[in-house]
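Here is a short report on charged side chains that pair up. Look at the structure first, then read on.

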Amino acid sequence: MNTPPHTEPGTATDAPGPDEPLDLAGIGIGPFNLSLAALAHPLTELRTAFYDQHPAFHWHPGLLIDGATLQVPFLADLVTLADPASPWTFLNYLKTRERLFPFYFAERFHIHRAEYDAYCRWVSENLPSLHFGHQIDAVRWNHERSLFEVDFTQLGADGEAEALGRTYARNLVLGIGTAPHVPIPLRPLAEAPTVPVIHAADYLDHRDRLLAADHLTVIGAGQSGAEIFLDQLRARPAGRENLHWLARTPAFAPMEYSKLGLEHFTPDYTRYFHALPERARDELLPAQWQLYKGIDHDTLAAVHDELYRRTLDGGWPNAVLTPGVQVRTAGRVGTTKVELHLEHAQQGSRSRLTTDAVVLATGYRERRLDTLLAALDPYLRRDASERPRIDEHHRLVLDPAVTGSLYVQNAERHTHGVGTPDLGLAAWRSATILNSLTGSPAYSLPTRTSFTTFGLGHPPTRRTGTVPRQGSTLVPRH
């Protein structure tokens with residue numbers, strides 16, 4: 001059923017109408033949809049637009065800690081692994097900044113996070129298909145026109161609504177990212193303003209306040225937890241560190257970074273994982289935590305080096321590192337302290353820890369699609385756990401009545417495995433989506449990407465550049 005057009009507070013006039021719809025509308029502009037927009041840019045037969053509610057691109061600004069680096073090589077930029085000749089490569093970004101020679105002599109394979117953020121902002125500021133300050137309100141399928149309707153609110157610089165609009169598209173791609181995860185026992189504390197209990201995503205905004213806390217507890221054994229612990233350790237006086245680092249994992253473990261281990265982040269493994277039975281996928285993912293939840297070797301070494309340096313005068317730093325612990329419950333003590341009730345998994349023992357501030361390096365969870373796609377819910381096909389089914393080309397499996405394709409990025413870990421949030425697969429997934437969308441090999445993709453043969457049988461030999469079409473046929477523009 002069609003809904004009336006928006007009329008208040010104003011009407012946006014630059015959105016494509018139903019007579020000239022977009023071939024692809026993107027919702028969300030993080031690294032993954034930015035990659036897709038960059039690779040779609042030279043495909044002049046496609047009419048695309050991408051929308052995001054934020055006023056500009058920023059990538060995890062709360063975690064751009066001084067000196068922190070990406071955990072993937074610089075080749076895992078937005079486009080290189082699909083099109084190294086693209087004008088949107090990281091190396092071309094350096095060229096435009098006259099920084100190629102400094103980078104060459106720096107001999108860096110892993111770049112600073114702040115530099116990756118700056119590179120992505122450079123791309124975002126130069127792609128004409130991106131529209132920031134657009135909040136997506138609803139998505140519907142219009143059966144009469146065989147098009148998706150996307151309602152949005154155009155926001156001003158102050159974040160206030162300026163106009164309402166609607167765009168039409170034959171196909172959609174969702175790249176709405178992940179949200180910070182706060183464990184249930186700590187959610188009431190995170191909402192209390194008097195005691196700083198903050199998620200790692202907001203660390204830099206609260207860094208000075210956390211440094212001023214007499215005692216700080218960091219919860220979480222991933223890369224973010226390690227970086228925040230190290231940053232606080234370096235900034236606190238020797239002998240008066242007053243830090244406690246807790247983790248549920250049995251150890252502060254290094255991330256799997258062997259060359260064969262990294263082949264779990266290849267298209268070959270992604271295809272293998274997708275072809276597994278649902279139950280096998282669900283059992284496999286938790287066992288692979290060290291592939292994506294461990295800590296970079298250099299960061300672990302830096303933590304140990306800093307702790308060791310503080311023993312040179314014969315004392316020990318006032319820092320406690322305790323793995324194998326979960327927070328059962330938590331409560332406030334007065335108005336300025338937090339009490340954590342802990343349980344050690346292996347010992348079966350329990351204790352309490354009183355602290356002045358807590359940083360939750362407890363990771364992220366995929367954003368739920370239910371609210372945004374409420375109108376499409378009757379058309380979604382789900383698995384035994386009521387999760388959306390997603391095909392090998394990253395499309396939601398929909399009722400045949402919906403003839404358009406709805407792609408997702410970083411919302412398919414349950415179907416595509418540990419490589420889903422990995423930046424190293426961004427360009428390959430974007431190219432896969434574009435090849436699926438056009439029904440032709442817009443980008444030539446490799447037939448084989450790993451030395452490991454996952455599963456029994458011969459190594460994969462089929463090409464993935466050309467895929468069967470699902471959904472509407474694109475109409476060339478003249």
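## Terms and model

Buried means under 20% relative accessible area. Exposed means over 50%, and partly exposed lies in between. Keep these cut-offs in mind for the pairs below.

The model is predicted. The structure holds 25 salt bridges.

## A buried pair between strands

Arg166 and Asp151 form a salt bridge through their side chains, at 2.6 Å from N to O. Arg166 sits in strand β6 (residues 161-169) and Asp151 in strand β5 (residues 147-155), so the pair ties together parts 15 residues apart in sequence. Both residues, Arg166 and Asp151, are buried.

These two residues also belong to a network of salt bridges. Arg140 and Glu149 are linked with Arg166 and Asp151 in that network.

## A buried pair between helices

Which residue forms a salt bridge with Arg113? The partner is Glu227, with the closest N and O atoms 2.9 Å apart. Arg113 belongs to helix α4 (residues 113-126), while Glu227 belongs to helix α7 (residues 223-235). The pair links distant parts of the chain, 114 residues apart. Arg113 and Glu227 are buried.

## A pair in a loop

Arg381 and Asp399 meet side chain to side chain in a salt bridge, at 2.4 Å from N to O. Arg381 and Asp399 each lie in the loop between β17 (364-366) and β18 (406-408), 18 residues apart.

Is Arg381 buried or partly exposed? Its relative accessibility is 28%, so Arg381 counts as partly exposed.

Conventions:
Residues numbered from 1 in each chain as written. Predicted model: local features only at pLDDT ≥ 70, side-chain atom pairs only at ≥ 80, totals over all residues. Heavy atoms only, no water. Salt bridge = Lys/Arg side-chain N within 4 Å of Asp/Glu carboxyl O. Helix = DSSP H or I, 4+ residues; strand = E, 2+ residues; numbered from the N terminus. Buried < 20%, exposed > 50% of the residue type's maximum accessible area, 1.4 Å probe, protein only.
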